[in-house]
Amino acid sequence: LRRLLPYLEHGLQAHNEPVVDYVDSGQTGLVILTRNGSVVYLSDAARNLLFLATYGIFPVGQGSSSLPVTVPPVLQQLCANLDGIFQGWDAPPPTFSHTNARGRFVFRAYWLQPPTVHSGLETAGYSPADNGLIGVLIEHQEPLRLQLYRNLQGWRLSPREQEVGLALAEGLSQAAIAVRLNVSVQTAITYIRRLYAKLEVHSRAELLDKLRTPTSKTIKP
């Protein structure tokens, strides 16, 4: 029984972990590598995303990183996976994702310039040439709740109305929203109607679409 305790603890922790919905933040970066995984080009955006994926935060007072960035070994592994698929081997997909406090970072490798392969029986069994170029696209995703909360700042809403907007986006019922706000169901409905009127929507789906779009529009209180 003592040996089973760590497994039970792990199972309970995994069960209680909240499910986080991620959406694209619009930040992407490109790394270009050779077929063997040597970096040829690293965009500034990719440098910043690699830094955030590694450390989770920029140095104090900086919105980007000018510090040296160590290219993670996973990029070389993605190149190896893509090359293996190219040669017909049983290789894993050329994708990888990493999550930390700054969100999810998705890495996808693809051929920019496939290596030259000489056809003919005399070259059977030989590896492709080393002139291939591989691009690794880094995409940053952020929690949906964070994106919605940031977009809500563009509207003149009270703190309670913002909280109601997030609750509606999460799919909570009117009764559940009332419990979260510690108010009556009728009061929660009043907040919902007021929010719909301010954002000029008529349903939860329209509300979510509106909140997914950044806006600086000013509306009447």
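User: With which side chain does the side chain of Lys198 make a polar contact?

Analyst: The model is predicted. Lys198 is found in helix 7, residues 185-199. At 3.1 Å, the polar contact of its side chain is with the side chain of Glu161.

User: Is Lys198 buried or exposed?

Analyst: Buried means a relative accessible area under 20%. Lys198 has a relative accessible area of 16%, so Lys198 is buried.

User: In what order do the five strands of the open sheet lie?

Analyst: The pairing in this sheet is antiparallel. Strand 2 (39-42) and strand 3 (95-100) each pair on one side only, as edge strands. From one strand to the next, the twist averages 25 degrees. The order is 2-1-5-4-3.

User: Which residue of strand 5 is the bridge partner of Val31?

Analyst: Strand 1 (residues 22-34) pairs with strand 5 (residues 133-143) in the antiparallel sense, over ten bridges. The partner of Val31 in strand 5 is Val136.

User: What angle does the direction of helix 4 make with that of strand 5?

Analyst: Helix 2 (residues 44-55) packs on the sheet and touches strand 1, strand 2, strand 3, strand 4 (103-113) and strand 5, at about 110 degrees to the direction of strand 1. Helix 4 (residues 144-152) also packs on the sheet, touching strand 1 and strand 5. Its direction makes an angle with that of strand 5 of about 65 degrees.

User: Within what arc do the buried residues of helix 4 fall, seen down its axis?

Analyst: Leu144, Gln147, Leu148, Asn151 and Leu152 are buried in helix 4. They line one face of the helix, because the arc that holds them, seen down the axis, is 135 degrees.

User: What covers the buried residues of helix 4?

Analyst: The cover includes parts of the sheet, namely strand 1 and strand 5. It also includes helix 5 (159-169) and helix 8 (204-211).

User: Which element gives the largest share of the largest nonpolar core?

Analyst: This core has 23 residues, and those with the most contacts inside it include Leu168, Leu195 and Leu207. Two or more residues come from each of helix 4, helix 5, helix 6 (174-181), helix 7 and helix 8. The largest share, six residues, is that of helix 7.

User: How many residues are in the other core, the one with Phe105 and Phe107?

Analyst: That core lies apart from the largest one. Leu78 and Ile138 are also among its members. Its residues number 19.

Terms used. Residues are numbered from 1 along each chain as its sequence is written. This is a predicted model: local features need pLDDT of at least 70, side-chain atom pairs count only at pLDDT 80 or more; totals for chains, interfaces and linings use all residues. Side-chain values use heavy atoms; hydrogens and water are left out. Helices (H or I, at least four residues) and strands (E, at least two) are DSSP runs, numbered from the N terminus. Buried means under 20% relative accessible area, exposed over 50%, partly exposed in between (1.4 Å probe, protein chains only). A polar contact is a pair of N or O atoms within 3.5 Å; within protein, one must be able to donate a hydrogen and the other to accept it, and residues adjacent in sequence count only if both atoms are side-chain atoms. Two strands pair if DSSP finds at least two bridges between them. Axes are lines fitted to C-alpha atoms, for helices over the stretch in contact, and angles run from 0 to 180 degrees between N-to-C directions. Contact means heavy atoms within 4.5 Å. The arc is that of the directions from the helix axis to the C-beta atoms. A nonpolar core is a set of buried Ala, Val, Leu, Ile, Met, Phe, Trp, Tyr and Cys residues joined through side-chain atoms within 4.5 Å.
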